[in-house]
Amino acid sequence: MSTTVYGKVYGSAYEAMELPRIIRVRENLYAAAFSLMKLLPARYILEQAERTGLISPGTPILETSSGTFGLGLAMVCQARGYPLTVVGDPVIDQDLKNRLEMLGATVDIVEDDGRPGGIQAARLSRVNELHQERPESFIPGQYDNPANPAAYVAVGELIAHTLGGVSCLVGPVGSGGSTGGVAASLRQNDLPLSLVGVDTHGSVLFGAPEGKRLLRGLGMSLIPGNVDHTAYDEVHWVAPAEAFHATHELYRRHGLFMGPTSGASYQAASWWAEHHPDETVLMLLPDEGYRYQSTIYNDAWLRAQGVTPAAATAPRLIRHPSEAGQSWARLIWGRRSHAQVMGPEGAS
């Protein structure tokens, strides 16, 4: 006779969405599937600011985001009574803009002005400009605020409780909060853990040349303070066609309807799990796919971008980030600093 296990009653939809579902995908591969991963650090950062007296209901909140962190902030700000301005760029599609505005957020779109640091630098400059106009406002600062990775202790505790620990954690890297925060939490138990960061071509996070990025939600045109390079054992660079195919496969094979950063994570994690059959591998899947139905799940959009989703066979093993090229590549990072990897001894 089976026993039904009943869950808790949540105080809000936001609370119910914060933590991931832990799902076994195949023999040694598990997924931490989030509805909206960035909701967790958004709530945590604002709560920390409330506790220290930096903000109270009515304080204007200013932040740069072109995706899910802005959406998470908008949800929390609407619930707690904070007026929010999200500084984004044209990557914010109309559907996301509508959702942000329905939650009461003001969306301020800026263009890339050609300065070093690309569009991210332009957005940060606009945030600082708005802050000078409204000095009473608060900037959560997802890129550099240590409360971002600290928020993911709760995820590490959930993983430890459900799986008892994992051998390898794989996840996309943008601000550095999720992969770095979850890994730090799991490593507190002194268990061996390999951390594999997933980046994309055109991103400078791990030393590859800057360029245009069609695969969004991971990678950056500047290096956030929350990216602790010494935490990563291995780095993978994935291309849009590969990641979009992996995103589709994640849904077709496993019923996980997720966004493209989840597909990129699945691509690298599947390869790692296959080549390390004795290890328990967990991949972070940051958000669901509903936002992307008119883009990566839409054949017309893919054709307009000149992209045909295609499976990648295996990553090229490279010795230096400059060799990342435009197809799937991996580098044994070895918990080195950015300077160590990029220096004269980096390729030795």
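In the predicted model, residues 24 or more positions apart account for 68% of the contacts in the protein with a separation of 6 or more.

The secondary structure consists of 12 helices and 11 strands. The radius of gyration is 20 Å, close to the 20 Å given by the globule rule for 348 residues, so the protein is as compact as a globular protein of that length. The C-alpha trace spans about 60 × 50 × 45 Å along its principal axes. With regard to charge, the protein carries 27 positive and 35 negative side chains, and the centres of these two sets lie 3 Å apart.

Six aromatic pairs were counted in the model. One of them joins phenylalanine 206 and tyrosine 232 in an edge-to-face arrangement, with a centre-to-centre distance of 5.2 Å and 80 degrees between the planes. This pair links distant parts of the chain, since both phenylalanine 206 and tyrosine 232, 26 residues apart, lie in the loop between strand S7 (194–200) and strand S8 (234–238); both residues are buried. In the pair formed by tyrosine 251 and phenylalanine 257, the ring centres are 5.0 Å apart and the planes stand at 55 degrees, so this pair is tilted. Tyrosine 251 is partly exposed, with a relative accessible area of 42%, whereas phenylalanine 257, with a relative accessible area of 16%, is buried. Ring pairs link these two residues, Tyr251 and Phe257, with Tyr290 and Tyr297 into a cluster.

Conventions
Residues are numbered from 1 along each chain as its sequence is written. This is a predicted model: local features need pLDDT of at least 70, side-chain atom pairs count only at pLDDT 80 or more; totals for chains, interfaces and linings use all residues. Side-chain values use heavy atoms; hydrogens and water are left out. Helices (H or I, at least four residues) and strands (E, at least two) are DSSP runs, numbered from the N terminus. The radius of gyration is taken over C-alpha atoms; the globule rule is 2.2 Å times the number of residues to the power 0.38. Contact means heavy atoms within 4.5 Å. Lys and Arg count as positive and Asp and Glu as negative; His and the chain ends are not counted. The place of a charge is taken as NZ of Lys, CZ of Arg, CG of Asp or CD of Glu. Rings of Phe, Tyr and Trp (its six-membered ring) pair if their centres lie within 6.5 Å; planes under 30 degrees apart count as stacked, over 60 as edge-to-face and the rest as tilted. Buried means under 20% relative accessible area, exposed over 50%, partly exposed in between (1.4 Å probe, protein chains only).
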